[in-house]
Amino acid sequence: MLHLHSLMKEQIRESATELFLNLGFKAVTMDDIAQQMAISKKTIYSHYSNKTALVEDSVAHLFQGICCGIDHILEYEKNPIEELYDIKKYVIQHLKGEKSSPIQQLHKYYPQVHAQLLKRQFEYMQDCMLKNINRGIKDGLFRDNLDIEFVSRIYFIGMTGIKDQNLFPTDKFPSAELHEQYLEYHLRGIVTPKGRSVLNQIIHSNQE
């Protein structure tokens, strides 16, 4: 019975996450989720006391899933420039390109959940970036005079900043291209001539 209970909770979370990503955290109602799953709202409330609890669980689960995917990419230990491109590609696919900017809605309507997510994102990304930059320096791809703590933090600020639709409206800056531009901007500031050559090869092969 307990297994069935947790299975249903999992299914509710999966359906809700899918809807949240496609339509936004504010736009989706408990009725929408119930309708999508052909279950009663009462069933949802037996697992989640309110919508905020469901949003919180969905966001935590989504973040965990993305971290697992990134961890898997890191295991390959590709060169640090290629690694960042693989991570960018994976995140864009996983978040459906953020076409309706669910993060914006999360920030506006669920600020505590958003703040919690940002904190976890920063801790995880900081660890990834420090390792990435250190490996890049060791491999002669990134300059050895970098202030690593500064670069990793400024990268995080940029990655979160480009999600602000007031600054980067999607009609002018489609999400995938924007992430591509930002990553190139970041890398061009830290590469050595050897790194620039690797970067140019990746950009060239991406354009083919």
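Me: Ser58, buried or exposed?
Reply: Ser58 is buried, with a relative accessible area of 2% (buried means under 20%, exposed over 50%, partly exposed in between, with a 1.4 Å probe and protein chains only). This is a predicted model, where local features need pLDDT of at least 70, side-chain atom pairs count only at pLDDT 80 or more, and totals for chains, interfaces and linings use all residues. Residues are numbered from 1 along each chain as its sequence is written, and side-chain values use heavy atoms, with hydrogens and water left out.

Me: Which helix is Ser58 found in, and what does it touch?
Reply: Ser58 sits in helix α4 (helices are DSSP runs of H or I with at least four residues, numbered from the N terminus). Leaving out residues up to four places away in sequence, Ser58 touches Arg13, Ala16, Thr17 and Phe20 (contact means heavy atoms within 4.5 Å).

Me: And how do α4 and α5 pack?
Reply: Helix α4 (residues 51-75) packs on helix α5 (residues 80-94) at an angle of about 150°, and their axes are 10 Å apart (axes are lines fitted to C-alpha atoms over the stretch in contact, and angles run from 0 to 180 degrees between N-to-C directions). So α4 is roughly antiparallel to α5 (that takes an angle over 145 degrees). Their crossing is right-handed, that is, the near helix is turned clockwise from the far one by less than a right angle.

Me: Which residues of α4 and α5 make the contact?
Reply: From α4 there are Leu62, Gly65, Ile66, Gly69, Ile70, Ile73 and Leu74, and from α5 Glu83, Asp86, Ile87, Tyr90, Val91 and His94. By class that's 8 nonpolar, 3 polar and 2 charged (Ala, Val, Leu, Ile, Met, Phe, Trp, Tyr, Cys and Pro count as nonpolar, Asp, Glu, Lys and Arg as charged, the others, Gly among them, as polar).

Me: Last one, what about α8 and α9?
Reply: Helix α8 (residues 148-161) and helix α9 (residues 175-188) pack at about 160°, axes 11 Å apart. That makes α8 roughly antiparallel to α9, and the crossing is right-handed. Val151, Ile154, Tyr155, Gly158 and Met159 of α8 meet His179, Tyr182, Leu183 and His186 of α9.

Note on methods: Helices (H or I, at least four residues) and strands (E, at least two) are DSSP runs, numbered from the N terminus. Angles under 35 degrees count as roughly parallel, over 145 as roughly antiparallel, 65 to 115 as roughly perpendicular and the rest as oblique.
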